Amino acid sequence: MKRVVFAKIPSSEAGLVIRDLMGREMVDIHAKIGKDQDFRYVPIMPDHIGTVSDMGYEMVEGDAYTLDRRSPQERIAAKLEAYPELRDIVPTRWEFVGDIVIVKMDPRCRPYSDIIGRTYAEVLDAKTVCADVRGVSGEFRQPSMELIHGTDTESVRLENGIRYGFDVTKVMFASGNTDERMRMRQLDCTGETVVDMFAGIGYFTLPLAKFSGARRVFACEKNPESYQFLVRNVRDNMLEDVVIPILGDNRHLRGRGFADRILMGYVQTTSEFVPTALRMLRPGGIIHYHDTFYVNEYEDRIRSIFSEACGEDGYDVIGIREVKSFAPAVSHYVADIRVF
Ligand SMILES: C[S@@+](CC[C@H](N)C(=O)[O-])C[C@H]1O[C@@H](n2cnc3c(N)ncnc32)[C@H](O)[C@@H]1O
(Lines give C-alpha, C1' and ligand atoms only; values in the text may rest on other atoms or scores of the structure.)
Protein backbone atom coordinates (compact mmCIF):
# COMPACT_ATOMS: atom_id res chain seq x y z
CA MET A 1 0.00 0.00 0.00
CA LYS A 2 1.14 3.53 -0.76
CA ARG A 3 2.76 5.36 2.20
CA VAL A 4 1.95 8.98 2.95
CA VAL A 5 2.82 11.56 5.59
CA PHE A 6 -0.08 12.77 7.74
CA ALA A 7 -0.28 16.03 9.70
CA LYS A 8 -1.69 15.39 13.16
CA ILE A 9 -4.28 18.17 13.65
CA PRO A 10 -6.08 18.50 17.01
CA SER A 11 -9.80 17.78 16.42
CA SER A 12 -10.81 21.08 18.08
CA GLU A 13 -9.22 23.11 15.27
CA ALA A 14 -9.42 20.53 12.47
CA GLY A 15 -12.33 22.11 10.56
CA LEU A 16 -10.61 25.44 9.97
CA VAL A 17 -7.12 24.03 9.42
CA ILE A 18 -8.20 21.37 6.93
CA ARG A 19 -10.16 23.96 4.94
CA ASP A 20 -7.06 26.18 4.88
CA LEU A 21 -4.76 23.32 3.78
CA MET A 22 -7.27 22.26 1.13
CA GLY A 23 -7.47 25.83 -0.16
CA ARG A 24 -3.69 25.87 -0.51
CA GLU A 25 -3.77 22.49 -2.32
CA MET A 26 -1.53 20.88 0.28
CA VAL A 27 -3.80 17.89 1.03
CA ASP A 28 -3.39 14.61 -0.85
CA ILE A 29 -7.00 14.17 -1.95
CA HIS A 30 -6.42 10.56 -3.09
CA ALA A 31 -5.82 9.37 0.48
CA LYS A 32 -8.36 9.36 3.25
CA ILE A 33 -8.31 11.63 6.30
CA GLY A 34 -8.05 9.46 9.42
CA LYS A 35 -9.24 10.23 12.94
CA ASP A 36 -9.04 9.14 16.53
CA GLN A 37 -10.56 10.67 19.64
CA ASP A 38 -8.27 13.73 19.71
CA PHE A 39 -6.76 14.17 16.25
CA ARG A 40 -7.48 14.21 12.53
CA TYR A 41 -4.72 12.67 10.38
CA VAL A 42 -4.53 14.73 7.21
CA PRO A 43 -2.53 13.31 4.26
CA ILE A 44 -0.11 15.96 2.96
CA MET A 45 1.30 16.24 -0.58
CA PRO A 46 5.07 15.44 -0.54
CA ASP A 47 6.06 18.99 -1.67
CA HIS A 48 4.28 20.58 1.29
CA ILE A 49 5.36 18.34 4.17
CA GLY A 50 8.03 20.86 5.26
CA THR A 51 5.61 23.80 5.20
CA VAL A 52 2.96 22.01 7.26
CA SER A 53 5.57 20.76 9.71
CA ASP A 54 6.79 24.40 10.08
CA MET A 55 3.22 25.34 11.03
CA GLY A 56 3.89 23.35 14.21
CA TYR A 57 1.98 20.14 13.50
CA GLU A 58 3.47 16.74 14.29
CA MET A 59 3.92 14.66 11.12
CA VAL A 60 3.52 10.87 11.10
CA GLU A 61 3.99 8.38 8.29
CA GLY A 62 1.41 5.69 7.55
CA ASP A 63 -0.43 3.67 4.94
CA ALA A 64 -2.60 5.69 2.62
CA TYR A 65 -6.10 4.41 3.09
CA THR A 66 -7.25 5.02 -0.44
CA LEU A 67 -10.74 6.44 -0.84
CA ASP A 68 -13.26 3.86 -1.87
CA ARG A 69 -15.21 5.43 -4.72
CA ARG A 70 -17.74 2.62 -5.02
CA SER A 71 -21.35 3.31 -4.02
CA PRO A 72 -22.52 1.81 -0.69
CA GLN A 73 -24.70 -0.61 -2.68
CA GLU A 74 -21.62 -1.81 -4.59
CA ARG A 75 -19.62 -2.22 -1.39
CA ILE A 76 -22.46 -4.15 0.24
CA ALA A 77 -22.72 -6.42 -2.80
CA ALA A 78 -18.94 -7.02 -2.73
CA LYS A 79 -19.01 -7.95 0.97
CA LEU A 80 -21.90 -10.35 0.41
CA GLU A 81 -20.32 -11.97 -2.65
CA ALA A 82 -20.06 -15.29 -0.82
CA TYR A 83 -23.87 -15.45 -0.68
CA PRO A 84 -25.01 -15.45 -4.33
CA GLU A 85 -28.53 -16.40 -3.19
CA LEU A 86 -28.83 -12.90 -1.67
CA ARG A 87 -27.73 -11.04 -4.79
CA ASP A 88 -31.15 -9.86 -5.97
CA ILE A 89 -32.98 -9.69 -2.67
CA VAL A 90 -30.81 -7.70 -0.23
CA PRO A 91 -32.18 -4.22 0.50
CA THR A 92 -30.76 -1.55 -1.78
CA ARG A 93 -32.48 1.33 0.05
CA TRP A 94 -32.39 2.34 3.68
CA GLU A 95 -33.29 5.18 6.00
CA PHE A 96 -31.05 6.76 8.60
CA VAL A 97 -32.52 7.82 11.95
CA GLY A 98 -29.54 9.48 13.61
CA ASP A 99 -26.94 6.71 13.61
CA ILE A 100 -29.47 3.88 13.23
CA VAL A 101 -30.15 2.37 9.82
CA ILE A 102 -33.56 0.96 8.95
CA VAL A 103 -33.87 -1.40 6.00
CA LYS A 104 -36.97 -2.94 4.45
CA MET A 105 -36.06 -6.61 4.35
CA ASP A 106 -37.36 -9.33 2.06
CA PRO A 107 -38.49 -12.29 4.24
CA ARG A 108 -36.15 -14.53 2.23
CA CYS A 109 -33.20 -12.63 3.79
CA ARG A 110 -34.26 -13.66 7.32
CA PRO A 111 -31.84 -16.60 7.74
CA TYR A 112 -29.01 -14.20 6.90
CA SER A 113 -30.04 -11.33 9.21
CA ASP A 114 -26.78 -11.48 11.18
CA ILE A 115 -24.44 -11.13 8.23
CA ILE A 116 -26.71 -8.57 6.52
CA GLY A 117 -26.89 -6.46 9.70
CA ARG A 118 -23.13 -6.56 10.22
CA THR A 119 -22.43 -5.68 6.57
CA TYR A 120 -24.80 -2.69 6.54
CA ALA A 121 -23.39 -1.44 9.84
CA GLU A 122 -19.83 -1.59 8.50
CA VAL A 123 -20.49 -0.06 5.10
CA LEU A 124 -22.90 2.63 6.33
CA ASP A 125 -21.00 3.30 9.57
CA ALA A 126 -24.13 2.74 11.69
CA LYS A 127 -24.28 1.71 15.34
CA THR A 128 -27.50 -0.28 14.90
CA VAL A 129 -29.38 -1.85 12.01
CA CYS A 130 -33.09 -2.70 12.17
CA ALA A 131 -35.22 -4.50 9.63
CA ASP A 132 -38.68 -3.10 9.00
CA VAL A 133 -40.68 -6.28 8.65
CA ARG A 134 -44.33 -5.29 8.31
CA GLY A 135 -44.67 -1.48 8.56
CA VAL A 136 -46.84 0.11 11.28
CA SER A 137 -50.03 -1.35 12.68
CA GLY A 138 -52.63 -1.15 15.45
CA GLU A 139 -54.20 1.67 17.38
CA PHE A 140 -50.79 2.94 18.49
CA ARG A 141 -49.32 2.69 14.96
CA GLN A 142 -46.44 0.62 16.31
CA PRO A 143 -43.63 -0.43 14.00
CA SER A 144 -42.68 -4.01 13.46
CA MET A 145 -38.88 -3.85 13.60
CA GLU A 146 -36.33 -6.59 14.07
CA LEU A 147 -33.01 -5.66 15.54
CA ILE A 148 -30.40 -7.27 13.28
CA HIS A 149 -27.23 -5.54 14.44
CA GLY A 150 -26.19 -3.64 17.59
CA THR A 151 -28.09 -3.10 20.81
CA ASP A 152 -29.06 0.56 21.13
CA THR A 153 -32.36 1.31 19.41
CA GLU A 154 -32.90 4.84 20.74
CA SER A 155 -32.02 7.72 18.50
CA VAL A 156 -32.55 11.40 17.89
CA ARG A 157 -33.83 12.78 14.64
CA LEU A 158 -33.06 16.45 14.04
CA GLU A 159 -35.56 18.10 11.72
CA ASN A 160 -36.32 21.77 11.12
CA GLY A 161 -34.82 22.87 14.42
CA ILE A 162 -36.54 20.17 16.52
CA ARG A 163 -35.00 17.20 18.34
CA TYR A 164 -37.21 14.12 18.14
CA GLY A 165 -35.90 11.39 20.46
CA PHE A 166 -37.49 7.95 20.19
CA ASP A 167 -36.92 4.23 20.08
CA VAL A 168 -37.18 3.01 16.49
CA THR A 169 -38.45 -0.40 17.58
CA LYS A 170 -41.29 1.01 19.70
CA VAL A 171 -42.50 4.17 18.00
CA MET A 172 -43.16 5.07 14.37
CA PHE A 173 -41.73 8.09 12.63
CA ALA A 174 -43.40 8.93 9.31
CA SER A 175 -40.66 10.44 7.16
CA GLY A 176 -43.33 11.13 4.51
CA ASN A 177 -44.97 13.69 6.83
CA THR A 178 -41.99 16.08 6.79
CA ASP A 179 -43.82 18.80 4.84
CA GLU A 180 -46.71 18.74 7.27
CA ARG A 181 -44.37 19.00 10.26
CA MET A 182 -42.75 21.96 8.49
CA ARG A 183 -46.18 23.53 7.90
CA MET A 184 -47.01 23.27 11.62
CA ARG A 185 -43.84 25.27 12.26
CA GLN A 186 -44.94 27.97 9.82
CA LEU A 187 -48.49 28.50 11.13
CA ASP A 188 -49.26 31.73 12.92
CA CYS A 189 -50.91 30.64 16.17
CA THR A 190 -50.02 33.70 18.21
CA GLY A 191 -51.65 33.49 21.63
CA GLU A 192 -53.70 30.40 20.72
CA THR A 193 -54.68 27.42 22.81
CA VAL A 194 -54.08 24.30 20.72
CA VAL A 195 -55.01 20.65 21.33
CA ASP A 196 -53.04 17.89 19.63
CA MET A 197 -55.36 14.88 20.01
CA PHE A 198 -52.83 12.32 18.69
CA ALA A 199 -49.52 13.73 19.85
CA GLY A 200 -47.27 10.64 19.57
CA ILE A 201 -43.73 11.71 20.46
CA GLY A 202 -44.59 15.30 19.51
CA TYR A 203 -44.48 15.09 15.68
CA PHE A 204 -46.70 18.16 15.19
CA THR A 205 -46.82 19.47 18.76
CA LEU A 206 -43.11 20.31 18.94
CA PRO A 207 -42.67 22.40 15.75
CA LEU A 208 -45.97 24.18 16.36
CA ALA A 209 -45.14 24.91 20.02
CA LYS A 210 -41.64 26.12 19.23
CA PHE A 211 -42.26 28.37 16.25
CA SER A 212 -45.93 29.31 15.80
CA GLY A 213 -46.38 31.58 18.84
CA ALA A 214 -49.05 29.36 20.47
CA ARG A 215 -49.65 30.17 24.13
CA ARG A 216 -50.52 26.63 25.21
CA VAL A 217 -50.51 23.21 23.51
CA PHE A 218 -52.31 20.31 25.19
CA ALA A 219 -50.67 17.20 23.74
CA CYS A 220 -52.64 13.99 24.32
CA GLU A 221 -51.13 10.56 23.75
CA LYS A 222 -52.56 7.19 24.70
CA ASN A 223 -49.51 4.94 24.27
CA PRO A 224 -47.38 5.15 27.46
CA GLU A 225 -44.18 4.44 25.50
CA SER A 226 -44.77 7.29 23.07
CA TYR A 227 -45.90 9.52 25.95
CA GLN A 228 -42.58 8.92 27.73
CA PHE A 229 -40.69 10.20 24.66
CA LEU A 230 -43.15 13.09 24.26
CA VAL A 231 -42.36 14.28 27.79
CA ARG A 232 -38.63 13.92 27.17
CA ASN A 233 -38.82 15.75 23.82
CA VAL A 234 -40.80 18.62 25.35
CA ARG A 235 -38.03 18.99 27.91
CA ASP A 236 -35.14 18.59 25.42
CA ASN A 237 -36.65 21.24 23.13
CA MET A 238 -37.22 23.51 26.15
CA LEU A 239 -40.98 23.74 25.64
CA GLU A 240 -42.19 22.97 29.17
CA ASP A 241 -43.77 26.42 29.43
CA VAL A 242 -45.93 25.87 26.35
CA VAL A 243 -46.71 22.15 26.07
CA ILE A 244 -48.78 20.18 28.55
CA PRO A 245 -48.42 16.45 27.80
CA ILE A 246 -51.43 14.35 28.77
CA LEU A 247 -51.34 10.55 28.99
CA GLY A 248 -54.65 8.98 28.05
CA ASP A 249 -57.40 8.53 25.50
CA ASN A 250 -58.34 11.85 23.89
CA ARG A 251 -62.04 10.92 24.15
CA HIS A 252 -61.68 11.53 27.89
CA LEU A 253 -60.30 15.06 27.48
CA ARG A 254 -62.56 17.49 29.32
CA GLY A 255 -63.68 20.99 28.45
CA ARG A 256 -65.92 22.80 26.02
CA GLY A 257 -65.17 25.60 23.56
CA PHE A 258 -61.69 26.40 24.88
CA ALA A 259 -59.44 25.48 21.92
CA ASP A 260 -58.57 27.81 19.04
CA ARG A 261 -57.10 24.98 17.01
CA ILE A 262 -57.16 21.19 17.07
CA LEU A 263 -54.71 18.79 15.42
CA MET A 264 -56.13 15.41 14.41
CA GLY A 265 -52.98 13.69 13.11
CA TYR A 266 -54.37 10.20 12.75
CA VAL A 267 -55.77 8.30 9.79
CA GLN A 268 -58.41 5.74 8.89
CA THR A 269 -60.66 6.09 11.95
CA THR A 270 -60.25 9.84 12.46
CA SER A 271 -63.91 10.63 11.80
CA GLU A 272 -64.87 8.81 15.03
CA PHE A 273 -63.04 11.52 16.97
CA VAL A 274 -64.73 14.53 15.34
CA PRO A 275 -67.46 14.92 18.03
CA THR A 276 -64.76 15.21 20.74
CA ALA A 277 -62.87 17.77 18.67
CA LEU A 278 -66.01 19.83 18.04
CA ARG A 279 -66.82 19.86 21.76
CA MET A 280 -63.39 21.32 22.62
CA LEU A 281 -63.22 23.83 19.74
CA ARG A 282 -64.42 27.41 20.18
CA PRO A 283 -66.72 28.90 17.50
CA GLY A 284 -64.52 30.07 14.61
CA GLY A 285 -61.70 27.69 15.56
CA ILE A 286 -59.74 25.50 13.14
CA ILE A 287 -59.36 21.72 12.88
CA HIS A 288 -56.47 20.16 10.95
CA TYR A 289 -58.22 16.94 9.98
CA HIS A 290 -56.07 14.04 8.67
CA ASP A 291 -57.47 10.96 6.98
CA THR A 292 -56.98 8.61 4.05
CA PHE A 293 -59.31 8.68 1.03
CA TYR A 294 -59.49 7.45 -2.52
CA VAL A 295 -57.85 10.14 -4.62
CA ASN A 296 -60.96 10.74 -6.72
CA GLU A 297 -63.34 11.33 -3.82
CA TYR A 298 -61.41 12.96 -0.98
CA GLU A 299 -63.12 16.34 -1.12
CA ASP A 300 -66.66 14.89 -1.16
CA ARG A 301 -65.81 12.58 1.71
CA ILE A 302 -64.34 15.37 3.83
CA ARG A 303 -67.40 17.54 3.19
CA SER A 304 -69.75 14.73 4.07
CA ILE A 305 -67.95 14.04 7.38
CA PHE A 306 -68.18 17.69 8.43
CA SER A 307 -71.68 18.29 7.02
CA GLU A 308 -72.91 15.40 9.11
CA ALA A 309 -71.08 16.64 12.23
CA CYS A 310 -71.79 20.41 12.02
CA GLY A 311 -74.47 20.89 9.36
CA GLU A 312 -74.04 22.12 5.75
CA ASP A 313 -73.34 25.70 6.76
CA GLY A 314 -71.55 24.98 10.00
CA TYR A 315 -68.05 24.84 8.59
CA ASP A 316 -65.77 26.04 5.82
CA VAL A 317 -63.03 24.05 4.07
CA ILE A 318 -60.07 26.44 4.08
CA GLY A 319 -57.82 24.07 2.18
CA ILE A 320 -56.95 20.43 1.56
CA ARG A 321 -53.50 19.06 0.81
CA GLU A 322 -52.11 15.65 0.09
CA VAL A 323 -49.63 14.59 2.77
CA LYS A 324 -48.43 11.45 1.02
CA SER A 325 -49.50 8.51 -1.04
CA PHE A 326 -50.83 5.75 1.20
CA ALA A 327 -51.76 2.84 -1.07
CA PRO A 328 -52.60 2.46 -4.77
CA ALA A 329 -55.23 5.16 -5.54
CA VAL A 330 -55.40 6.15 -1.85
CA SER A 331 -53.69 9.14 -0.28
CA HIS A 332 -53.30 10.64 3.16
CA TYR A 333 -54.85 14.15 3.16
CA VAL A 334 -55.03 16.98 5.66
CA ALA A 335 -57.99 19.35 5.54
CA ASP A 336 -58.01 22.69 7.31
CA ILE A 337 -61.58 23.23 8.49
CA ARG A 338 -62.98 26.34 10.15
CA VAL A 339 -66.00 25.54 12.32
CA PHE A 340 -68.57 28.28 13.03
C1 LIG B 1 -48.27 7.87 15.36
S2 LIG B 1 -49.25 9.23 15.41
C3 LIG B 1 -49.71 9.52 13.78
C4 LIG B 1 -48.66 10.05 12.93
C5 LIG B 1 -48.15 11.41 13.22
N6 LIG B 1 -49.18 12.40 13.19
C7 LIG B 1 -47.01 11.74 12.29
O8 LIG B 1 -46.95 12.80 11.74
O9 LIG B 1 -46.12 10.93 12.13
C10 LIG B 1 -50.74 8.77 16.10
C11 LIG B 1 -50.64 8.66 17.59
O12 LIG B 1 -51.96 8.71 18.15
C13 LIG B 1 -52.00 7.88 19.28
N14 LIG B 1 -53.42 7.56 19.55
C15 LIG B 1 -54.23 6.69 18.90
N16 LIG B 1 -55.46 6.72 19.42
C17 LIG B 1 -55.45 7.64 20.41
C18 LIG B 1 -56.45 8.14 21.29
N19 LIG B 1 -57.69 7.69 21.27
N20 LIG B 1 -56.08 9.08 22.19
C21 LIG B 1 -54.82 9.57 22.22
N22 LIG B 1 -53.83 9.13 21.38
C23 LIG B 1 -54.15 8.19 20.50
C24 LIG B 1 -51.15 6.69 18.88
O25 LIG B 1 -50.67 6.01 20.00
C26 LIG B 1 -50.03 7.37 18.08
O27 LIG B 1 -48.93 7.67 18.87
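Modeller: The protein chain has nine helices and 17 strands, which are DSSP runs numbered from the N terminus (helices are H or I, at least four residues; strands are E, at least two). It's a predicted model, so local features need pLDDT of at least 70 and side-chain atom pairs count only at pLDDT 80 or more, while totals for chains, interfaces and linings use all residues. Residue numbers start from 1 along each chain as its sequence is written.

First, the context. The C-alpha trace spans about 80 × 50 × 35 Å along its principal axes. The radius of gyration of the protein chain is 26 Å, whereas a compact globule of 340 residues would come out near 20 Å (taken over C-alpha atoms; the globule rule is 2.2 Å times the number of residues to the power 0.38). Of those 340 residues, 33% count as buried, meaning that 20 or more other C-beta atoms, placed from the backbone, lie within 10 Å of the residue's own.

Now your helix. Helix 7 covers residues 224-236, and its 13 residues should span 18 Å at 1.5 Å a residue (1.5 Å times one less than the number of residues). The C-alpha atoms at its ends are 18 Å apart, which agrees.

Which residues of helix 7 are buried? They are Ser226, Tyr227, Phe229, Leu230, Asn233 and Val234. Look down the axis of helix 7 and these buried residues fall within an arc of 165°, so they line one face of the helix (the arc is that of the directions from the helix axis to the C-beta atoms). As background, an α-helix has 3.6 residues a turn, so residues three or four places apart point the same way.

Methionine 238 follows helix 7 and has a positive phi, near 55°. A positive phi also turns up elsewhere: glycine 98 has one of about 60°, in the turn of the hairpin formed by strand 5 and strand 6, with two residues between the strands.

Notes:
A residue is buried if 20 or more other C-beta atoms lie within 10 Å of its own, exposed if 12 or fewer, and partly exposed in between; C-beta atoms are placed from the backbone. Two strands pair if DSSP finds at least two bridges between them.
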